[in-house]
Amino acid sequence: MKNGKNAGVIILVASLLLAVTFMDTGMVFQQTTQQTRDSGIYQLETISGELESTINDAEKLTMELAIASRGYLDDKDSLEAFIYGKKSELLNGETGAFNVFIANTDLAIIPDFDIPEDFVTTERVWYT
């Protein structure tokens, strides 16, 4: 009889320990999952902010180049020299930009690009 009571108590204690272990494991899993989600959200917000900043910087640089190139629009050779010079500056600078070109319906100056005969500037995605 004593062994039966002891076995019952042992089974009860083991069951409680097992239940507590499962509950602790569940809580740890939930906390880890939440921390992972929070960390992922923070990373995405950081990347999103950096991307937005990069896009803003690119737009600013594009506007600066567009304004600076206005003075060369009357002479194609000086405009081409200006574009190649700006590309050289960008390659040597720390802006992260590495290319600059200018195009409209009558003209396309794209450094280091051999423009094929069937190339239509106004049909390019970056133009439209």
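Visitor: What radius of gyration does the protein have, and what would a compact globule of 128 residues have?
Guide: In this predicted model, the protein has a radius of gyration of 33 Å, whereas a compact globule of 128 residues would come near 14 Å. The C-alpha trace spans about 110 × 30 × 20 Å along its principal axes. Alanine 14 and aspartate 106 are 92 residues apart along the chain, and their C-alpha atoms are separated by 85 Å.

Visitor: Why is alanine 14 called partly exposed?
Guide: Its relative accessible area is 43%. Partly exposed covers values between the 20% limit for buried and the 50% limit for exposed, so that label applies. Alanine 14 lies in helix 1, which runs over residues 2–69.

Visitor: And what makes leucine 17 exposed?
Guide: Leucine 17, also found in helix 1, has a relative accessible area of 53%. Exposed means over 50%, so leucine 17 qualifies. Together with Val9 and Val13, Leu17 makes a nonpolar surface patch of about 260 Å².

Visitor: How much of the protein counts as buried?
Guide: Of the 128 residues, 12% count as buried, that is, under 20% relative accessible area.

Visitor: Where is confidence lowest, and where is it highest?
Guide: Strand 1 (residues 102–103) is lowest, at a mean pLDDT of 75, and helix 1 is highest, at 90. The protein averages 84, and 92% of the residues score at least 70.

Visitor: Which order do the elements follow?
Guide: From the N terminus on, they run α-α-β-β, with 2 helices and 2 strands in the protein.

Note on methods. Residues numbered from 1 in each chain as written. Predicted model: local features only at pLDDT ≥ 70, side-chain atom pairs only at ≥ 80, totals over all residues. Heavy atoms only, no water. Helix = DSSP H or I, 4+ residues; strand = E, 2+ residues; numbered from the N terminus. Buried < 20%, exposed > 50% of the residue type's maximum accessible area, 1.4 Å probe, protein only. pLDDT = per-residue confidence, 0-100. Patch = residues over 30% accessible without salt bridge, like charges linked within 9 Å, V, L, I, M, F, W, Y side chains within 5 Å. Areas by Shrake-Rupley, 256 points an atom, 1.4 Å probe, with all protein chains shown as cover. Salt bridge = Lys/Arg side-chain N within 4 Å of Asp/Glu carboxyl O. Rg over C-alpha atoms; globule rule 2.2 N^0.38 Å.
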